[in-house]
Amino acid sequence: MSTNITWHAGLTRKERSELRKQQGCTVWFTGLSASGKSTIAIALEQHLLHQGLACYRLDGDNVRFGLNKDLGFSPKDREENIRRIAEVAKLFADSTTIALTSFISPYKADRQLARELHADAKGTDSPLPFVEVFIDIPVEEAEKRDPKGLYKKARAGEIKEFTGISAPYEAPENAEIHIHSEKTSVEEAVLIITKYLEEKGLLKTIS
């Protein structure tokens, strides 16, 4: 890491929010493959955009094929994958955009790092809100869905270090929102998350 870098102060987060009339935050979806994370995140993004709110979704499709295309699925690469995503989400949130991240993010320590990055107010006037959404599903149900055939390949040994089969998933213990996707429709999940964000004042227009 370079040490000869100087932080140049610009607009405060409060000033930027007032100018854009919106507060930024990160909504961090975590859960097994085929749990419904991306489906719910896509629906939430559409809902928020229709409400006139700036938001952007980060997921495997637009991150693994670009920013993180040099990373594999070893524990070290998974850690770096989540670190980069957390930093990018923080930038979006700092710009007063609602960042939606949809990644398995299987390790508690990595998710905690993402949370701490948002809580770090150094060089700013306030921490950034971070909302962890645990999309919970039994691995047996996820295997039944298996839209990409990944569980089948993992069971056959064709995919190494596959979360839930040959690699661990460390479930959140204190996620802000906990949704059992096998019992909850996509529409219901969007309503649950939206209600939480509204109650926390994260969707109100700033005048």
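Student: In what sense do E1 and E3 pair, and over how many bridges?

Tutor: Strands of a sheet pair through backbone hydrogen bonds, either parallel or antiparallel. In this model, which is predicted, E1 and E3 pair in the parallel sense over 5 bridges, and within this pairing cysteine 25 stands opposite isoleucine 98 in E3.

Student: How many bridges join E1 to E4, and which residue stands opposite phenylalanine 29?

Tutor: E1 and E4 also pair in the parallel sense, over 5 bridges, and phenylalanine 29 stands opposite valine 133 in E4. Strand E4, residues 130–136, is in turn joined to E5 by 4 bridges, with the two strands running parallel, and here aspartate 136 stands opposite histidine 180 in E5.

Student: In what order do the strands of the sheet follow one another, and which are the edge strands?

Tutor: The open sheet is formed by 5 strands in the order E2-E3-E1-E4-E5, and the pairing is parallel. The edge strands are E2 (55–59) and E5, each of which pairs on one side only. Direction ignored, neighbouring strands of this sheet are turned against each other by 20 degrees on average.

Student: Which side chains of E1 lie on each side, and are they buried or exposed?

Tutor: In a regular strand the side chains alternate between the two faces of the sheet. For E1, Cys25, Val27 and Phe29 lie on one side, Thr26, Trp28 and Thr30 lie on the other, and all of them are buried, so that both faces are covered.

Student: Which helices lie across the sheet or pack on it?

Tutor: Helix H2, residues 37–50, lies across E1 (25–30), E2, E3 (98–102) and E4, running at about 165 degrees to E2. Helix H4, residues 75–94, packs on the sheet and touches E1, E2 and E3, its direction making about 150 degrees with that of E1.

Student: Where does serine 35 lie, and why is serine 35 called buried?

Tutor: Serine 35 lies in the loop between E1 and H2. Serine 35 is called buried because its relative accessible area is 0%, whereas the cut-off for that word is under 20%. Not counting residues up to four places away in sequence, serine 35 touches Ile135, Ile137, Arg145 and Ser181.

Student: Where does glutamate 158 lie, and is glutamate 158 buried or exposed?

Tutor: Glutamate 158 lies in the loop between helix H7 (150–155) and strand E5 (177–180). With a relative accessible area of 58%, glutamate 158 is exposed, since that word requires over 50%. The C-alpha atoms of glutamate 158 and alanine 54 are separated by 40 Å, and the two residues are 104 residues apart along the chain.

Note on methods:
Residues are numbered from 1 along each chain as its sequence is written. This is a predicted model: local features need pLDDT of at least 70, side-chain atom pairs count only at pLDDT 80 or more; totals for chains, interfaces and linings use all residues. Side-chain values use heavy atoms; hydrogens and water are left out. Buried means under 20% relative accessible area, exposed over 50%, partly exposed in between (1.4 Å probe, protein chains only). Two strands pair if DSSP finds at least two bridges between them. Axes are lines fitted to C-alpha atoms, for helices over the stretch in contact, and angles run from 0 to 180 degrees between N-to-C directions. Contact means heavy atoms within 4.5 Å.
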